[in-house]
Amino acid sequence: MRKFNIRWQLLLYDIIIFLFVDILLLFLYQNNETLSLAGIVVQTALSFFCIFTARIIGKIYKQIWRYGGIQCYIRLLLVDGCAFIANLILEKSLPIEHISFVRLLSIATMNLLGALAIRMVYRYAYKCGTSSTAYGRFLNTLLKIFAGSKIDGNTVDERQKIKIAIIGAGRLGVSLAEELLVNRSAAYTPICFVDANKNKTGRSIHGIPVLIEDENIFEHLKEKNIQEVVFAIQELNGNCKKGLYERYFNAGYKIKVYDYPLMQFSGGKRHVRDFDIEELLFRKPIVMHDENTSAYYKDKVILITGGGGSIGSELCRQIAKMQPKQIIILDIYENGAYDVQQELNILYRKTLDIKVEIASINNQRAMERVFKLYRPQIVINAAAHKHVPLMENNCIEAVENNVFGTVILVELCEKFGAERFMMVSTDKAVNPTNVMGATKRMCEMIVQSASTYGKVKYSATRFGNVLGSAGSVIPLFKKQIANGGPITLTDKRIIRYFMTIPEATQLVLQSGAMANNGELFVLDMGRPVKILDLAQSMIRLSGASGIDIIETGLRPGEKLYEELLVKTEELDKTDNSLIFIERDMPCSKREIDEKLELLHSACMTEDDEAVRSALHKAVPTYKTPEEVNAVAEASEEMKNIREFAMA
């Protein structure tokens with residue numbers, strides 16, 4: 001036999017409440033207004049028609065009340081308000097026995113009160129009926145009797161759940177508590193909130209007490225047998241987050257984060273998770289995505305070279321959300337490109353036109369075939385050899401791929417009428433001390449020069465080290481910790497500017513969209529990070545002990561620090577307060593051609609040292625690491641990191 005639908009059960013209970021109220025106020029309670037039996041029937045029929053017609057039109061019985069929020073109850077309130085007005089107008093207009101305004105209002109409000117009450121009781125019973133206490137079993141029995149609902153069998157015994165303290169009794173923390181209370185299969189049970197707001201002290205939210213964040217907090221947490229703490233604070237600056245993290249970690253608690261999708265376009269789902277690499281920065285992620293950026297990429301054919309890499313793949317993900325006409329993922333490494341293609345096909349159910357081309361940007365014939373086939377309107381060049389030590393020993397390959405690959409792309413953009421070419425660069429191009437940085441600086445010069453004579457709009461974007469990208473320090477540290485250590489640092493004094501992968505891609509996309517022609521964009525990346533501090537934080541986060549940190553010596557071409565990307569007195573502002581334009585005079589086409597001929601001739605010798613020497617001539621700012629590191633201690637960057645550490 002088919003189970004009676006819950007919404008019709010609710011309608012039946014509403015009718016029972018309605019009849020009870022009408023019998024009480026029209027039949028039993030007469031006061032000075034005596035109605036005949038026919039008058040009672042007419043008034044009952046009129047009220048019934050107005051109330052339930054309004055509720056059906058207002059879709060009250062299509063709502064799932066077990067998850068109903070305040071908006072559901074407000075809707076019921078408004079719908080019944082409209083029903084009362086209709087009832088009042090009809091009652092006064094029709095030739096029937098009339099009742100007073102007060103009695104009519106009493107009927108409406110008593111019906112509304114009853115309807116609200118049974119819905120609240122139902123939601124409360126469904127929410128708390130999973131408890132193993134006698135009270136919980138009583139609520140569960142009520143559900144079975146009156147709603148025919150069964151609590152899902154997929155539950156976790158309360159005694160097996162992890163007891164947590166939620167740091168933050170604001171909107172986000174309350175949202176987490178509600179989710180855990182409703183979710184019967186959750187592995188966590190909220191025991192208390194911890195908040196710095198003294199006005200909340202001694203009060204409770206959903207029956208969960210709020211404790212004050214003070215020097216006695218750990219005693220209270222110990223009394224409540226708290227096992228883990230979960231940060232659920234939406235607005236928290238870097239210093240406060242770092243202080244809270246160290247305070248609770250040092251007290252012996254495992255720390256987790258309630259994920260809040262600050263970047264809604266990333267499509268994340270809220271969940272409780274471990275501290276991730278982004279939290280190592282202890283700062284709020286920079287969000288630069290806006291509607292104008294999305295509008296620019298909409299309905300465009302976009303080619304992303306290096307589309308299977310860390311930056312390239314994230315560019316594909318971000319652009320996919322902007323409704324492009326077509327995305328061409330080009331990479332020499334087929335596995336990475338395939339993975340991105342499959343990910344986007346699953347996410348967009350093949351409604352997005354995605355093409356994959358396996359080719360090297362240094363292959364003139366292959367690239368010409370791709371341009372001829374797709375006629376891209378926007379080309380984003382994220383393909384490059386970027387590993388600093390490896391490129392020191394492979395100078396020829398670095399120049400041929402990074403420099404001459406860019407030349408090929410620029411020429412093909414002009415030949416096939418692309419609208420825009422966007423170059424992904426790096427902070428290592430600022431006064432480079434290695435081959436990789438020098439090749440990227442040469443690419444910037446090529447792009448800026450092309451902007452003076454070409455038809456395409458060109459721009460280049462610099463950003464710092466990317467957390468979690470392939471070949472970066474984070475994955476290396478993770479592997480070393482997993483293997484029991486030690487963590488290897490080339491020098492404990494090293495500092496770097498860091499970004500997350502989403503931040504880097506947002507910068508590229510927004511700066512590319514705002515470019516007029518020939519700009520070299522840089523980002524205000526905030527304070528630099530000492531790599532030693534990063535390593536120590538990762539060891540603490542892992543919970544591992546006995547992990548040593550050892551120095552191995554600076555690698556070929558490595559700086560102790562990267563120069564500040566943003567010196568505002570030397571840069572021009574944009575509409576985005578975080579994005580600046582470097583003042584840089586472009587080289588003429590003739591100068592670039594001479595530099596390229598010099599590099600080409602050096603590559604033909606198949607001698608890495610000859611290529612390195614040619615790079616020094618082609619890129620005037622290319623210095624040896626010894627020159628830069630010799631004055632590192634007196635640099636502005638090292639001074640800033642020391643001041644930050646002392647703050």
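## Thr490

Thr490 is buried, with a relative accessible area of 14% (buried means under 20%, exposed over 50%, partly exposed in between, with a 1.4 Å probe and protein chains only). Thr490 sits in the loop between β15 (487–489) and β16 (495–496). Helices (H or I, at least four residues) and strands (E, at least two) are DSSP runs, numbered from the N terminus.

Which residues does Thr490 touch, leaving aside its neighbours within four places in sequence? They are Glu551, Thr552, Gly553, Leu554, Arg555 and Glu558. Contact means heavy atoms within 4.5 Å.

## Model basis

This is a predicted model: local features need pLDDT of at least 70, side-chain atom pairs count only at pLDDT 80 or more, and totals for chains, interfaces and linings use all residues. Residues are numbered from 1 along each chain as its sequence is written, and side-chain values use heavy atoms, without hydrogens and water.

## Whole protein

The protein has 22 helices and 22 strands. Of its 647 residues, 50% are buried. Among contacts with a separation of 6 or more, 76% join residues 24 or more positions apart.

## Nonpolar patch

Leu19, Phe20, Ile23, Leu24, Phe27, Leu28, Met110 and Leu113 make a nonpolar surface patch of about 790 Å². Patch residues have over 30% relative accessible area and no salt bridge; nonpolar side chains (Val, Leu, Ile, Met, Phe, Trp, Tyr) are joined within 5 Å, like charges within 9 Å. A salt bridge is a side-chain nitrogen of Lys or Arg within 4 Å of a carboxyl oxygen of Asp or Glu.

α1 (6–28) and α4 (101–128) each supply at least two patch residues. α1 gives the most, with six. Leu24 lies in α1 and is partly exposed, at 31% relative accessible area.

Technical notes:
Areas by Shrake-Rupley, 256 points an atom, 1.4 Å probe, with all protein chains shown as cover.
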